[in-house]
Amino acid sequence: MQHASPHLRPGPHDGISRRTARLLGWGGLFAAAALPAIAWRRAIGAVATDFEWDPGYLVMGWTGYVLIAAGLLFMLPVVISIGLQPESRLYPRSRNAYMGWGVSLYLLGCAVSTQVAQIASGPGEA
């Protein structure tokens with residue numbers, strides 16, 4: 001359908017306007033960025049207060065948050081391209097791949113960050 005003339009192309013798939021879709025996309029991205037800081041603020045604080053340049057510490061303490069940040073960066077082109085036509089220069093050619101990598105890295109980072117938070121809270125704490 002992308003090679004059809006503009007008046008024959010279908011509108012938004014969900015029946016929402018382009019503006020609403022962009023607002024929802026940016027809102028979702030900002031919420032996904034804020035969630036780790038809110039959910040794991042104590043764990044991030046505990047890991048950050050004992051900062052050292054030890055490779056084991058850097059890998060074990062910060063990998064989850066780096067994966068979350070990488071996932072958000074992969075989702076950025078997808079959010080920027082919401083509402084654009086595939087012929088636009090800002091429309092990523094591998095949009096689905098960016099979304100797949102972004103969601104996968106974000107969820108993997110959340111899983112690792114949950115484990116880091118459990119370790120940082122110490123034994124016997126919930």
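Trainee: What is the relative accessible area of F74?

Mentor: F74 has a relative accessible area of 30%, so this residue is partly exposed. The labels work like this: buried means under 20% relative accessible area, exposed means over 50%, and partly exposed is in between, with a 1.4 Å probe and protein chains only. Before we go on, keep in mind that this is a predicted model: local features need pLDDT of at least 70, side-chain atom pairs count only at pLDDT 80 or more, and totals for chains, interfaces and linings use all residues. Residues are numbered from 1 along each chain as its sequence is written, and side-chain values use heavy atoms, leaving out hydrogens and water.

Trainee: Okay! And where does F74 lie?

Mentor: Look in helix α3, which covers residues 55–80. Helices here are DSSP runs of H or I with at least four residues, strands are runs of E with at least two, and numbering starts at the N terminus.

Trainee: How many helices and strands does the chain have?

Mentor: There are 4 helices and 0 strands. Reading from the N terminus, you get α-α-α-α.

Trainee: How many aromatic pairs does the structure hold?

Mentor: A pair of aromatic rings is described by the distance of the centres and the angle of the planes. The rule is that rings of Phe, Tyr and Trp (its six-membered ring) pair if their centres lie within 6.5 Å; planes under 30 degrees apart are stacked, over 60 edge-to-face, and the rest tilted. The structure holds 4 such pairs. One of them is F74 with W101, which is stacked at 6.2 Å centre to centre, with 25° between the planes. F74 sits in helix α3 and W101 in helix α4, so this pair ties together parts that are 27 residues apart in sequence. W101 is exposed, because its relative accessible area is 52%. Ring pairs also link F74, Y98 and W101 into a cluster.

Trainee: Now the inside. How many residues does the largest nonpolar core have?

Mentor: A nonpolar core is a set of buried Ala, Val, Leu, Ile, Met, Phe, Trp, Tyr and Cys residues joined through side-chain atoms within 4.5 Å. The largest one here has 16 residues, and those with the most contacts inside it are W40, I68, L72 and Y106. Helices α1 (18–39), α2 (41–49), α3 and α4 each give two or more residues to this core. Its largest share, 6 residues, comes from α3. Over the chain of 126 residues, 24% are buried.

Trainee: Which residues does I68 touch?

Mentor: Contact means heavy atoms within 4.5 Å. Not counting residues up to four places away in sequence, I68 touches P36, W40, L105, Y106, G109, C110 and S113.

Trainee: Is G61 buried or exposed?

Mentor: Buried, because the relative accessible area of G61 is 9%. G61 is in helix α3, and beyond its neighbours within four places in sequence it contacts V47 and V116. W62, also placed in helix α3, is partly exposed because its relative accessibility is 21%. With neighbours within four places set aside, W62 contacts I44, V47, A48, F51 and Y57.

Trainee: Where is the place of A117?

Mentor: That one is in helix α4, residues 95–120. A117 has a relative accessible area of 18%, so it is buried. W40 and A43 are the residues A117 touches, not counting those up to four places away in sequence. A117 and A46 are 71 residues apart along the chain, yet 8.9 Å separates their C-alpha atoms. For the chain, 64% of contacts between residues at least 6 apart in sequence join residues at least 24 apart.
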